[in-house]
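Work through the exercises below with the structure open. Try each task before reading its solution.

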Amino acid sequence: MPASACSNDSGGKANGAVPSFPLAPETADDYAFSYERGGSTQVRLTYFVDLEHNVIDVLPTNYRSALNAGENPNAIGVPTNAGQLRSHGMELWVHNGGFTLNANYNHTLSSSIYQFAFNDLNAPAILAGHLFPANYIPKLTATASYEFDFLRRRLRVAPMLSYESGYPYGNGTKVWEIVNGTPEQVPNDNYVNPGYNYYFLKNPSLPYNGATNPYIANLGTNEGADPNTLHTVPQTLVSLHVEGDLSPRVTAMLDVVNLFATATPTQLQGNPYLIGPPGYTGGNLLYEKAYGAQYCKKCLYTLGNGVPTNDADSPAVPWQYGLGAYIPEAYPMARNALIRLRFRL
């Protein structure tokens with residue numbers, strides 16, 4: 001949906017039939033180069049490249065015509081070819097006795113990324129061939145384990161330590177927009193991008209003017225021009241795997257995931273109902289008029305940040321997203337135990 005709808009409407013409505021567009025096949029060129037060594041210490045180091053073309057994503061129905069006309073597309077999404085994806089990285093695998101290490105580094109850029117794909121300023125970025133940092137994969141992940149054997153290998157215990165660097169998130173200080181028929185980066189404020197913006201104008205219904213309509217606030221983070229240039233706190237989890245042979249054909253297995261119940265969020269997303277600076281609870285007449293106008297000419301948006309609504313005046317659901325700019329999107333798996341039996345015929 002467009003950024004303007006994203007920032008305050010609790011749901012979109014489609015009128016009429018949704019047109020369809022012919023899709024070119026999504027293709028990819030994959031390359032991998034590995035070094036392997038055997039012996040008591042086994043090592044495999046792999047460098048990989050993934051180059052995807054004609055990436056298919058759900059984009060607004062008038063995506064192509066909007067590009068040609070220099071306009072923003074509408075809110076209805078259909079599968080559409082959405083540019084490219086460029087990913088490269090390295091994988092390291094080491095095994096010696098009971099010890100195993102598996103580590104991955106990944107750097108991915110894409111024309112189409114979750115949460116930004118529906119943004120009405122994404123089409124100009126695709127036209128410019130600009131790629132965004134992907135927010136669905138951390139740059140570094142690693143898992144180390146060691147298997148201990150007891151009772152002549154009838155009992156095997158393997159504690160595991162896993163690590164992942166922070167997931168990318170952030171609105172970005174700039175956005176892409178069509179200016180005089182050419183895609184350009186402009187300040188990401190709530191005039192050109194009422195949804196996931198970084199800067200907040202005194203009057204969001206008017207463009208920036210240093211004297212008459214200055215910026216009154218920003219998100220206060222040190223992110224770069226692109227979205228997803230911030231990273232969440234790295235996550236470390238401890239897990240345990242136990243196997244015991246009950247008979248030559250029956251093995252019992254116990255897995256305890258997230259042994260110490262770590263609960264730090266692994267991912268964050270932009271507050272989809274952030275209509276004012278972080279902490280805004282309402283009461284600014286300029287903001288009430290600017291955002292209320294998205295519903296009707298004389299509507300006033302009387303609610304503060306984080307309140308889904310369909311009419312600009314009353315909450316649509318009995319819960320809120322909060323007053324902050326970013327909200328938790330995903331958590332690590334809660335501590336849990338899984339018991340399995342394996343039968344061999």
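**Exercise 1. Burial and overall make-up**

Task: state what share of the 345 residues in the chain is buried, and describe the chain as a whole.

Solution. Buried residues account for 39% of the 345 residues. Buried means under 20% relative accessible area, exposed over 50%, and partly exposed in between (1.4 Å probe, protein chains only). The model is predicted: local features need pLDDT of at least 70, side-chain atom pairs count only at pLDDT 80 or more, and totals for chains, interfaces and linings use all residues. Numbering runs from 1 along each chain as its sequence is written, and side-chain values use heavy atoms, with hydrogens and water left out.

Next, secondary structure. The chain has four helices and 21 strands. These are DSSP runs numbered from the N terminus: helices are H or I with at least four residues, strands E with at least two.

Then contacts (heavy atoms within 4.5 Å). Among those with a separation of 6 or more, 62% link residues 24 or more positions apart.

**Exercise 2. The disulfide**

Solution. Apply the criterion: a pair of cysteine sulfur atoms within 2.5 Å. The count is one disulfide.

Now check accessibility. Cysteine 296 is partly exposed because its relative accessibility is 31%. Cysteine 299 is at 18%, so it counts as buried.

**Exercise 3. The largest nonpolar core**

Task: name the residues that touch the most other members of the largest nonpolar core.

Solution. A nonpolar core is a set of buried Ala, Val, Leu, Ile, Met, Phe, Trp, Tyr and Cys residues joined through side-chain atoms within 4.5 Å. The largest one has 18 residues; Leu219, Tyr291, Tyr301 and Tyr326 touch the most other members. Helix 4 (residues 285–292) gives this core its largest share, three residues.

Beyond its neighbours within four places in sequence, its contacts include Tyr169, Leu219, Leu230 and Leu268.

**Exercise 4. Tyrosine 163**

Task: is tyrosine 163 buried, partly exposed or exposed?

Solution. Locate tyrosine 163 in strand 10 (residues 155–164). Its relative accessible area is 32%, so tyrosine 163 is partly exposed.
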